[in-house]
Each structure stands twice: as structure tokens, then as C-alpha cells.
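I opened the model today to look up a few things. My entries follow.

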Amino acid sequence: MGDVAKDLTAGTVGGAAQLIVGHPFDTIKVKLQSQPTPAPGQLPKYAGAVDAVKQTIAAEGPRGLYKGMGAPLATVAAFNAVLFTVRGQMEALLRSEPGQPLTVKQQVVAGAGAGVAVSFLACPTELIKCRLQAQSALAEAAAASGLALPKGPIDVAKHVVREAGTKGLFKGLIPTMGREVPGNAVMFGVYEATKQYLAGGQDTSNLGRGSLILAGGLAGAVFWFSVYPTDVVKSVIQVDDYKKPRYSGSVDAFKKILAADGVKGLYKGFGPAMARSVPANAATFVAYEITRSALG
């Protein structure tokens with residue numbers, strides 16, 4: 001099996017692990033990000049992450065926490081396969097000699113390159129996922145207009161294409177790239193730096209699973225800490241109405257969030273995102289490394 005096939009396979013396994021562990025946290029994050037700003041004197045729909053969990057389970061049962069998982073589940077193989085394969089090919093281009101470990105700076109470059117590639121797949125996938133996850137917040141508006149909410153990923157995709165054409169699936173591409181490029185650059189850089197620190201040098205092949213969990217969890221936390229406001233902008237744009245949008249673009253969304261909620265508005269759902277980032281990314285990297293090692 002060639003290196004590309006090995007990265008494709010290992011990336012798929014890593015992505016599946018990430019999805020299973022992290023999706024409930026992601027659902028709560030999107031619900032908090034996309035809830036409308038309450039009118040003066042009124043309380044927000046969700047008082048916080050714990051309240052959002054309670055309301056979701058009360059209204060939809062535990063499976064409500066996994067709502068919208070069909071979209072990323074359908075593309076998780078492609079997304080993570082692209083991420084780790086492009087990263088692997090970037091490593092091959094940057095490597096001075098075959099088998100030579102990359103420096104942390106080279107891993108940052110490889111991660112940025114992988115981020116560019118996955119943005120084009122992440123944007124439509126996350127748009128569908130976010131619109132499904134935010135349905136409870138959008139339900140009142142839909143009821144007022146007499147429109148039925150889409151029932152699943154395919155229904156959402158059809159609804160979007162019907163309203164805005166195929167390009168509608170790529171709404172929020174700019175902030176998606178603004179998240180994926182620097183986010184993956186930092187994530188892979190921190191992951192490699194942590195592994196090298198724990199190994200005491202560039203050879204990290206003998207690190208145990210505990211070290212990989214630590215490195216992967218830390219890398220994931222740094223990813224979200226560094227790009228979270230961009231993710232908030234992406235989410236509000238992607239759940240925005242196509243015919244009567246509240247936001248004309250990323251900059252407009254950024255300004256309106258600041259005007260309405262201040263800086264804290266750019267960190268809605270930050271708690272669930274950080275709570276998710278450590279176990280989900282640890283699972284991703286450990287599953288990837290174990291699978292990649294098993295494939296030789």
C-alpha cells in the first residue's frame with residue numbers, strides 16, 4: 001500500500017473517532033453561537049452550555065445531541081483523508097531526505113497547505129451540519145413564515161440549492177478558510193512540537209499512546225483557542241437566511257456581533273468547543289497514528 005493510500009485510510013479512521021467523541025459538544029457550540037440576541041429585558045434562549053444540553057435532551061432526547069451528524073458522517077472519510085493526505089504530500093515536498101523528520105516550522109507549513117485543501121470540503125459540509133444543529137433556534141421563524149424545516153442533510157442541501165443555487169452550499173467559504181488555514185498550521189505545529197518535547201528530540205516514533213493523547217489534545221485546544229471568533233462568524237453566516245440575510249459578509253457579521261454583544265459575542269459556545277477539542281482531537285491523532293503505524 002502506497003503512502004497516499006495509507007494516509008487516506010488512517011485519516012478516515014481518525015476522522016471517525018473525532019466525530020463519535022466530539023459531535024455532541026459541537027451541537028451545543030453551534031446552538032449557542034446561532035441563538036439570536038435577545039430583545040432588551042428578555043433572556044436568551046439558552047442560559048449557557050449546561051442549559052442548552054438540558055433543553056436539547058428535553059425537546060429531542062439524547063439523539064438530539066447527534067443531530068446533523070449525517071452530513072459530517074457522510075464526508076468524514078473524505079475530509080480527514082484529504083487533510084492527512086495533503087499534509088503527508090506537503091511533508092514529502094518539504095522533507096530534505098526520505099524518512100527525515102520535519103521541523104516544527106515545516107509542520108506548520110504542511111498544516112496550512114492541508115487547511116487550504118480541506119476548506120472546500122468543510123464549507124458545504126459544515127453549512128448543512130450547522131443549519132441542522134441550529135434548527136431549534138430557527139423553528140419560530142420557520143413557523144411564522146409557514147415553511148417546514150428540512151428533515152435531514154440531503155433535505156437541507158436540496159433546500160439550499162433551491163434557494164441559492166449550488167454556490168449557496170459555499171456560503172461562508174472565506175471564514176471557513178480563515179479558520180482552517182491558520183488553525184491547521186498551528187495545530188500540526190503544536191502537535192509536532194509537543195511530541196518532540198516529550199520524546200526529547202525529533203525522533204518521536206517510540207512515543208506511547210499517553211503521549212500521543214496529550215499532544216493531540218493540546219493541539220486541538222490550541223486550534224480552537226486561536227481561531228474561535230472566526231468560527232463564530234462562519235456559523236452565523238451559514239445559518240443566515242438566504243433571501244433576507246442579516247449579514248452582507250464576514251466583516252459585516254463581525255461588526256454586528258461586536259455591536260450587539262461585545263467581544264463576548266465572538267466567544268459564544270467557547271466552553272463546549274474547548275471541552276470538545278481535547279478529547280476529540282486526541283482521539284483523532286491517536287487513531288490516525290495507530291492506524292498509520294499498523295499499515296507500515
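I checked the record: UniProt, in an unreviewed entry, places "repeat: Solcar" at residues 2-93, 102-197 and 207-294. Such annotations may be inferred rather than shown by experiment. I took residues 207-294: the span is 76% helix and 0% strand, and its end C-alpha atoms lie 15 Å apart. Helices (H or I, at least four residues) and strands (E, at least two) are DSSP runs.

This is a predicted model, where local features need pLDDT of at least 70 and side-chain atom pairs 80 or more. Residues are numbered from 1 along each chain. I found a mean pLDDT (the predictor's confidence, 0 to 100) of 89 for the protein chain.

Next I looked at helix α1 (residues 3-34). It spans only 40 Å, while a straight helix of 32 residues would span 46 Å at 1.5 Å a residue. I found a kink of about 55° at G22, shortly before the proline P24. The bend is the angle between axes fitted to the seven residues ending there and the seven starting there.

Notes: Side-chain values use heavy atoms; hydrogens and water are left out. The expected span of a helix is 1.5 Å times one less than its number of residues.
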